[in-house]
Amino acid sequence: MSYETLIVETPSAGVTLIRLNRPEALNALNSQLLGELCLALDAAESDTMVRCLVLTGSDRAFAAGADIKEMSDRSYAEMFTSDMFGPVARRIDSFRKPIIAAVSGFALGGGCELAMLCDFIIASETARFGQPEINLGVMPGIGGTQRLPRAVGKSKAMDMILTARMIDAAEAERAGLVSRVVAADKLMDEALAAAAKIASQSPLAVMMNKELVNAAFDTTLTTGVAVERRLFHSLFAFEDQKEGMAAFIDKRKPGFTGK
């Protein structure tokens with residue numbers, strides 16, 4: 001499938017790279033881009049050869065925000081009936097395979113929210129994160145008021161959202177928004193290496209681990225630990241568990257098949 005606002009590649013076995021491609025608008029998120037992203041995710045989900053995704057932008061911008069020109073004249077009825085941003089947020093939320101955000105340059109507004117929708121963020125030293133919607137008389141619309149406090153805590157989230165202050169990659173890592181910071185020229189190498197490592201694991205175990213970590217934010221500790229234990233037990237029904245443990249005992253690399 002071909003896209004106008006995305007570049008989709010397969011850099012290594014099991015890994016799909018999706019690059020936002022609206023350079024003239026610093027990858028601003030418009031309806032076309034978000035719709036194509038949903039289609040690309042549908043294709044990746046249904047392809048059993050795909051085990052991990054990397055989502056990235058350009059050196060200048062992961063995504064500088066939502067497309068203000070597209071939204072500025074819309075009415076409440078138009079925003080409500082189109083459910084602006086709802087479909088892509090739900091699509092990423094329901095995506096069962098891991099998604100790594102590789103962020104360089106600006107990740108502002110919807111761009112920051114898109115990165116937070118991914119499972120973890122690897123940032124280059126040039127990355128800048130922010131939720132500047134207050135400057136436009138509005139608020140985050142793709143989960144920023146909910147995910148940012150969960151990532152960085154209430155005080156820093158309030159600071160960023162109410163003052164529109166941007167934070168750099170080092171501060172984002174200290175706050176827990178990103179998992180690691182690397183040199184700008186090493187960003188894609190680092191992100192693709194992480195994706196390749198994930199793709200080499202048992203896809204069954206990967207999906208269950210992702211599911212359980214996400215569940216930690218939606219349930220109590222007691223319930224979460226109980227579900228974890230049952231899913232841990234369930235993995236012993238699969239060939240991948242037998243292969244993984246046998247390989248450990250034999251001091252060799254496992255060959256996981258997803259069975």
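Start by selecting Cys 38: with a relative accessibility of 15%, Cys 38 counts as buried. Buried here means under 20% relative accessible area, while exposed means over 50% and partly exposed lies in between, using a 1.4 Å probe and protein chains only.

Before moving on, please note that you are viewing a predicted model, in which local features need pLDDT of at least 70 and side-chain atom pairs count only at pLDDT 80 or more, while totals for chains, interfaces and linings use all residues. Residues are numbered from 1 along each chain as its sequence is written, and side-chain values use heavy atoms, leaving out hydrogens and water.

**Stop 1: the cysteines**

How many disulfides does the structure hold? The count is zero. Cys 38 is in no disulfide, and the nearest cysteine sulfur, in Cys 118, is 13 Å away. A disulfide is a pair of cysteine sulfur atoms within 2.5 Å. Now pick Cys 52. Its sulfur lies 10 Å from the closest cysteine sulfur, which belongs to Cys 118, and that is too far for a bond. Cys 52 is also buried, at a relative accessible area of 0%.

**Stop 2: the nonpolar cores**

Next, select Leu 37, Leu 55, Phe 62, Val 103, Phe 129 and Leu 177. These are the residues with the most contacts inside the largest nonpolar core, a group of 51 residues. Which helix gives the most to this core? Helix H1 (residues 31–46) does, with seven residues. A second, separate core has 16 residues, including Ile 122, Val 182, Leu 187 and Ala 191. A nonpolar core is a set of buried Ala, Val, Leu, Ile, Met, Phe, Trp, Tyr and Cys residues joined through side-chain atoms within 4.5 Å.

**Stop 3: Val 103**

Zoom in on Val 103, which sits in strand E5. Is Val 103 buried or exposed? Val 103 is buried, with a relative accessible area of 0%. Setting aside residues up to four places away in sequence, Val 103 touches Phe 62, Ala 115, Ile 121, Ile 122, Ala 123, Ser 124, Ala 127, Phe 129 and Leu 187. Such a contact means heavy atoms within 4.5 Å.

**Stop 4: strand E5 and its sheet**

Show the whole of E5. Five of its five residues are buried, so the strand is largely enclosed by the rest of the structure. Ile 99, Ala 101 and Val 103 point one way, while Ile 100 and Ala 102 point the other way. Helices (H or I, at least four residues) and strands (E, at least two) are DSSP runs, numbered from the N terminus.

E5 belongs to an open sheet of six strands with mixed pairing, in the order E1-E2-E3-E5-E7-E10. At its edges are strand E1 (6–12) and strand E10 (180–182), each pairing on one side only. From one strand to the next, the twist averages 25°. Two strands pair if DSSP finds at least two bridges between them.

Look at both neighbours of E5:

- Strand E3 (residues 52–56) pairs with E5 in the parallel sense over four bridges, and Thr 56 has Ala 102 as its bridge partner.
- Strand E7 (residues 120–124) also pairs with E5 in the parallel sense over four bridges. Here Ile 100 partners Phe 120, and Ala 101 stands opposite Ile 121.

**Stop 5: the other sheet**

Now select the four strands of another open sheet, ordered E4-E6-E8-E9 with mixed pairing. Strand E4 (61–63) and strand E9 (167–168) stand at the edges with a single partner strand each, so one side of each has no neighbour in the sheet. E4 runs parallel to strand E6 (residues 106–108), joined by two bridges, and Ala 63 is opposite Ala 107. Helix H5 (residues 110–117) lies across E4, E6 and strand E8 (128–130), at about 90° to E6. Axes are lines fitted to C-alpha atoms, for helices over the stretch in contact, and angles run from 0 to 180 degrees between N-to-C directions.

**Last stop: helix H10**

Finish at helix H10 (residues 203–215), whose buried residues are Pro 203, Leu 204, Val 206, Met 208, Lys 210 and Leu 212. What covers them? The cover includes helix H9 (187–199), helix H11 (221–234) and helix H12 (239–250).
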